[in-house]
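Here is a brief report on a protein fold.

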Amino acid sequence: MKVLLTGSTGYIGRRLKEKLLEKPDVDLRLFARNKKALSSKIQNHVEIVEGDTFNKNQLKEALKDIDVAYYLVHSLSNKDYKELDKVSAQNFIDIANECGVKRVIYLGGLGVKNQNTSEHLLSRLETGEVLSSNRNVQNIWIRAGVIIGSGSTSFEIIRNLTEKLPIMTTPKWVDTKAQPIAVHDVISYLVQSLYIKETKNLTIDIGCEQLTYKQMMLQTAQALDLKRIIIPLPFLSINISSYWLNLFTPVPFTVAKALIEGLKSEVVIQNDNAKKYFPEIEPIPFLHAVKKAVQEIKTNQVISRWSDTSGGIWEKNHTKEIADAIFFDRKEKDINNLSKSNIYQAFTSIGGDNGWFTYDFLWEIRGFMDKMIGGVGLKRGRRDQNTLRVGESLDFWKVLDVQEDERLLLYAQMKVPGNAWLEFKIEDNKLIQSAYFYPKGLLGRLYWYALIPIHYFVFNNMINSIIKKATISSRQS
Ligand SMILES: NC(=O)c1ccc[n+]([C@@H]2O[C@H](COP(=O)([O-])OP(=O)(O)OC[C@H]3O[C@@H](n4cnc5c(N)ncnc54)[C@H](OP(=O)(O)O)[C@@H]3O)[C@@H](O)[C@H]2O)c1
């Protein structure tokens, strides 16, 4: 079976890819906007078509000779996501039809259309409708509500609130019912959808037991061995709640708002097709799913996170923009007899729980200020404490390039009046650390000048600390 997986760099796509690669009867092709965001092992062993769903020629190349295609494309980080997602789905189904694809499998959101339906869910429903609109291509539309897994948006929100707030005052929507599901079960449904015998369009709602958000938070507290008190307050508006989530969780204001709007309506399953078509899958209970997710985080086994999609960063020509950067801060140090590998390990360990070498409090303050103005802040941390991959988030940075024993390039996603990059490079037996800034207008220039004294201490210390850390690990090895 020739299978195409779109959204292969996304939260669900990365996990589904692992499972599909284990299937001997599946000949997998991946569709990705930037193949560097996939591991080098995948790049060398799996067929990849680079492309965008807005480019029909690239879609033709991706869908040629395909039997079944997974549609996991989603652009929530873009403010026009509703329109974009509709065009993207239409392009996809048109070209799938042209290429003779037999089946499209789509994972969308759970819920129904009514006056309370959030923009986010509406967009997911519209995408499903577009994908179901072609007579020649069957659409298997799996619909899931809150997905519980390490790194999923909903789980990270629930976990962060539960961990950080012993007493929670919550909006009245915490009493809304939902039917969550473990990410591992979602992946099982998606994989098994390849083998369904039915040839007509199907909508399959999936979920474990029905719970209110309050019950989910209390069960999460139980899984984390914490005692928590929840006091619902009727007057908390969507904006106040979103701001609250923005401050206390890694999720930025825009994503928090899109999700909170969805809490007003019940998201419970509307059909029993999951049992009918997948009798062998028994979804695990919520508590069990939370324990599994927590275990993955503790053991550094997180495969994907909500913040790891590109959010449009590949649309920029970073090489050109860096070359045009007006301001930069460059530091160099001889690496002497330290190995490249020790230096590389030291600078790629930056951020997250490992900290920023020194002056971590200054980074914390910058992260807090960013959160206050609705930015991503520092709380996204790192997916893995030891390795980095292209496209993933690292505190308020995105990893743009990582080349073993050579280079790490980060792009700033915090709110800043311009564009900023931070680069570590090993060249001619030297470690070169460069911060680049392209300011937007006068404010951008003032911002850079105001930070010069802070940069002086932070960047000098940073390069010295990298050398120091590399020296320590070289002595230990
Ligand atoms: N995650 C959840 O909690 C959850 C819950 C219920 C339902 N779902 C559904 O599951 C599906 C997948 O969600 P997800 O969480 O995995 O999404 P995600 O993490 O945001 O990933 C989206 C994927 O789409 C790709 N993409 C976006 N625009 C594209 C374009 N124009 N052309 C090609 N690729 C494009 C992204 O690539 P880049 O890396 O290049 O940006 C990324 O691989 C969605 O339909 C969502 O509604 C998810």
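In this predicted model, strand β18 (residues 418-427) pairs with strand β19 (residues 430-439) in the antiparallel sense, over ten bridges. Within the pairing, K425 stands opposite I432 in β19. Strands of a sheet pair through backbone hydrogen bonds, either parallel or antiparallel.

The two strands belong to an open sheet of six strands. Its order is β14-β19-β18-β17-β16-β15, and the pairing is antiparallel. Which strands form the edges? They are β14 (327-334) and β15 (393-394), and each pairs on one side only.

Two helices lie across strands of this sheet. Helix α14 lies across β17 (407-412), β18 and β19. Helix α16 lies across β14, β18 and β19. The table gives their directions.

| Helix | Residues | Lies across | Angle |
|---|---|---|---|
| α14 | residues 340-347 | β17, β18 and β19 | about 155 degrees to β18 |
| α16 | residues 441-476 | β14, β18 and β19 | about 165 degrees to β19 |

Now the whole protein. It holds 16 helices and 19 strands. Its radius of gyration is 23 Å, close to the 23 Å that the globule rule gives for 477 residues, so the protein is as compact as a globular protein of that length. The C-alpha trace spans about 65 × 55 × 50 Å along the principal axes.

Buried residues account for 44% of the 477 residues. Among contacts between residues at least 6 apart in sequence, 74% join residues at least 24 apart.

Note on methods: Residues are numbered from 1 along each chain as its sequence is written. This is a predicted model: local features need pLDDT of at least 70, side-chain atom pairs count only at pLDDT 80 or more; totals for chains, interfaces and linings use all residues. Helices (H or I, at least four residues) and strands (E, at least two) are DSSP runs, numbered from the N terminus. The radius of gyration is taken over C-alpha atoms; the globule rule is 2.2 Å times the number of residues to the power 0.38. A residue is buried if 20 or more other C-beta atoms lie within 10 Å of its own, exposed if 12 or fewer, and partly exposed in between; C-beta atoms are placed from the backbone. Two residues are in contact if their C-beta atoms, placed from the backbone, lie within 7 Å. Two strands pair if DSSP finds at least two bridges between them. Axes are lines fitted to C-alpha atoms, for helices over the stretch in contact, and angles run from 0 to 180 degrees between N-to-C directions.
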